[in-house]
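Student: I would like a close look at one helix in this model. Please take it slowly, and then set it in its surroundings.

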Amino acid sequence: MKKKYQISISEVKNFVNQYGTIVTESAKADYSKNNDAIREHLEKLFRSYEVNKIVDGKRIEDIFFPTETKQLFKVFISHSGKDKDEVKELALILKENEINCFVDWMVWGNLADLQKIIDDKYCVLKQIKDENNKTKTTYNYDARNYSTAHTHAMLSMALLEMIDQCDICLFVTSENSTLPGTDFGDVMTLSPWIYEEIKYMNRISPKMMREFSEVNISHPLDLSDFSVVNSKNLLDSINGLYD
């Protein structure tokens, strides 16, 4: 990360209104993902795990929250999920201008899907049929707290990695993402994820742009015994040495 910016949701809307018509299908295709396929892949993986065996967390992250992607993202956009429509349009317009933006839900799988897959495998306490013959599942409280800690830690570390990878972090301010003018003094948020992302952005040291040039190092030269010559006496001076 080299730079941090903030932009109000009203300015995002103005930007979208001004440039929204230029978004092409190819730009939209770059952000298309199949959540059903991602979920099916993970469900198949978990069916292969035995309950008492250790689960490969890195493999789960690579499926759901991959940080090594084909796209090189330049901008990380932090925002409220309630502003996702405007943020999606913003990301697509920037993509059209060859600026790849990372928006977690546009690139990664859904955390709720991952949580459900793990809980159904490891945290079920009991299952009963209701009056409509639908299965009602009760989960073990402690087991689910533990699984939640794992999934949130994986997502948190993946977010940190993406923030570090991107050159620019852009925070979209709105009545959904911030609570200005509270009794606590500073601008506040009700979102634990926005809180986490801004904390990361403020903790990561900015990466300086590298400028390549020749290395200039001075060394002393003693020219006190060097006689000065010029174009007129150069040849005579050299020839005179052999006379």
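Tutor: What follows starts with helix α3 and then moves out to the rest of the protein. Keep in mind that this is a predicted model.

Start with the helix itself. α3 covers residues 35–47, which is 13 residues. From first C-alpha to last, α3 reaches 18 Å. That is close to the 18 Å expected at 1.5 Å a residue.

Now its sides. Which residues of α3 are buried? They are Ile 38, Leu 42, Leu 45 and Phe 46. Viewed down the axis of α3, these buried residues fall within an arc of 95°, so they line one face of the helix. The face turned away from that buried side carries exposed residues: Glu 40, Lys 44 and Arg 47. Buried here means under 20% relative accessible area, and exposed means over 50%.

What do the buried residues of α3 pack against? Their partners are α4 (57–64) and α7 (111–122).

α7 supplies at least two residues of the lining of the largest pocket. So do β2 (75–78), α6 (104–107), α8 and α9 (192–203). The volume of this pocket is about 560 Å³. Its lining has 25 residues, and the closest to the centre are Gly 81, Asp 104, Trp 105, Leu 155 and Trp 193.

Next, the loops. Two sites stand out by their backbone. Most residues other than glycine have a negative phi. Glu 98 is not a glycine, yet its phi is positive, about 65°. Glu 98 is found in the loop between α5 (84–96) and β3 (101–102). Is Glu 98 buried or exposed? Glu 98 is exposed, with a relative accessible area of 65%. Asn 133 also has a positive phi, near 65°, and is a residue other than glycine. Its place is the loop between β4 (124–129) and β5 (135–139). At 56% relative accessibility, Asn 133 counts as exposed.

Take Asp 167, in the loop between α8 and β6. Asp 167 is partly exposed, at 31% relative accessibility. Lys 74 is 93 residues away from Asp 167 in sequence, but their C-alpha atoms are 5.2 Å apart. Leaving aside residues up to four places away in sequence, Asp 167 touches Met 1, Lys 2, Lys 3 and Lys 74.

Thr 189 lies in the loop between β6 (168–173) and α9. Its relative accessible area is 26%, and Thr 189 counts as partly exposed. Thr 189 and Ser 80 are 109 residues apart in sequence, and 9.7 Å apart from C-alpha to C-alpha. With residues up to four places away in sequence left out, Thr 189 touches Ser 177, Ile 194 and Tyr 195.

Step back to the whole chain. The protein has ten helices and six strands. Of its 243 residues, 30% are buried. Among contacts with a separation of 6 or more, 78% join residues 24 or more positions apart.

Last, confidence. The mean pLDDT of the protein is 82, and 81% of the residues score at least 70. Among the elements, helix α8 (residues 141–165) has the highest mean pLDDT, 94. Helix α10 (residues 234–240) has the lowest, 59.

Key: Residues numbered from 1 in each chain as written. Predicted model: local features only at pLDDT ≥ 70, side-chain atom pairs only at ≥ 80, totals over all residues. Heavy atoms only, no water. Helix = DSSP H or I, 4+ residues; strand = E, 2+ residues; numbered from the N terminus. Expected span 1.5 Å × (residues − 1). Buried < 20%, exposed > 50% of the residue type's maximum accessible area, 1.4 Å probe, protein only. Arc of directions from axis to C-beta. Contact = heavy atoms within 4.5 Å. pLDDT = per-residue confidence, 0-100. 1 Å grid on protein atoms, 1.4 Å probe; cavity = no way out; pocket = protein on both sides within 12 Å on 5 of 7 lines; lining within 4 Å. Points joined across faces, edges and corners; volume = space filled by probe spheres on them.
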